[in-house]
Amino acid sequence: MTDSPLPFEPARLVAAAILLLLPTVAAAQKPIVLEGHENVVSALAFSDNGERLYSASWDKTVCVWNTETGQSEKVLRGHTDWVFDLFLPVSPEGTVQSVSQNELVSWSKSLEESTRQTGLGGAKVNSAAFSPNGKLLAIGGRDGFVRVRSVDGDSPPIEIGGFRSWVGNVCFSADARVLAAGTRTGNVRIFELPSAKQLHSLEAHPGRQVLTLRISPDGKTLATGGFEQTARLWDVETGKETATLSGHRGVVTSLTWSADGRFLATGERHGTFHVWDTSNSNTQLTKITAHSDGRLGFSVTALAFSPDGKRIASGSYD
């Protein structure tokens, strides 16, 4: 097994996703708990109608859940290593895809494996992310390179080097014209695609590992979380920091934007996530302790808003 790209060892046997109603979240609200993964929940995505939640895991599977009943409807098996990310098409005719350290797998309408691309890098891969349109895949490596490839495999990959340490996180803008990549040493670089021209190099979390980053739906703001108790917002056009979101008890391990870009959720090491209103001076709306189980250490490893913004799912390794 490779070293963990997150600040914990995935030693728990059961992982769970928590489904909560927003924005009127109350401490007394009972979440729907989706239980069954045997390792870290690494990525979450709602179907376009919000009726299904897909969860990717380091247990080499993707699970499909009914968001009303909390029941598992399907387990997608076939990956041979950690699954990092998944893509859900908006159109019913589209293809569900998932990526692990060594494989890109496409799934048919009946959610059976249809195609597989191998040779992505295996243990050399630290992170992987699909573009929001599902056409591109970015892979962050331990060799200090990011490789951007077309999902259909029809064009040669774009290689971007010059990173001072391994690349632990990658993300695209909604239009797939901008790529951001974060490193173990706290640096974040922003690139224009397909030219691979560097737009900015940010000392986002100096000396601290970048654990998560996401570009807002309008492409204007980059949110980053590092091995410190703050999340930071950056202007993509200028590369300037615009806000620091404080109040986390643990290091910031996951981020997600709502579809309209108004809300930002930030997950932390000790099982809590925060929801911020970025349209209102980045006001914190709520703080939810979702995965502590009365103890510390259960990092929130994945977050996702439902398309209508009324629900949020969180994943961990509890």
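How do the residues of the lining of the second largest pocket divide into nonpolar, polar and charged? The tour returns to this after some notes on the model.

This is a predicted model, in which local features need pLDDT of at least 70 and side-chain atom pairs count only at pLDDT 80 or more, while totals for chains, interfaces and linings use all residues. Residues are numbered from 1 along each chain as its sequence is written, and side-chain values use heavy atoms, with hydrogens and water left out.

**Confidence.** Colour the chain by pLDDT, the predictor's confidence in each residue from 0 to 100. The chain mean is 87, and 89% of the residues reach 70 or more. Select residues 1-15, where the pLDDT is below 50; beyond near neighbours in sequence, this stretch has 58 contacts in the model (heavy atoms within 4.5 Å). Residues 24-28 also have pLDDT below 50, with three such contacts. Where pLDDT is low, the predicted coordinates should not be read in detail.

**The pocket.** Select Y54, P89, S91, P92 and V96, which lie nearest the centre of the second largest pocket among its 15 lining residues. On a 1 Å grid over the protein atoms alone, a pocket is an open set of points where a 1.4 Å probe fits, with protein on both sides within 12 Å along at least five of seven lines; lining residues have an atom within 4 Å of a point. The lining comprises eight nonpolar, five polar and two charged residues, with Pro and Tyr counted as nonpolar and Gly as polar. The pocket holds about 280 Å³ of space, a volume filled by probe spheres set on the grid points.

**Sheet 15-16-17-18.** Next, display the open antiparallel sheet whose four strands run in the order 15-16-17-18. Strands are DSSP runs (E, at least two residues) numbered from the N terminus, and two strands pair if DSSP finds at least two bridges between them. Strand 15 (167-172) and strand 18 (197-203) each have a single partner strand, so one side of each edge strand is left without a neighbour in the sheet. The twist averages 20° from one strand to the next. G182 faces V188 in strand 17.

**Sheet 19-20-21-22.** Finally, move to the open antiparallel sheet of four strands ordered 19-20-21-22. Its edges are strand 19 (210-215) and strand 22 (241-245). Strand 21 (residues 231-235) pairs with strand 22 over four antiparallel bridges; select W234 and its bridge partner E241 in strand 22.

Key. Axes are lines fitted to C-alpha atoms, for helices over the stretch in contact, and angles run from 0 to 180 degrees between N-to-C directions.
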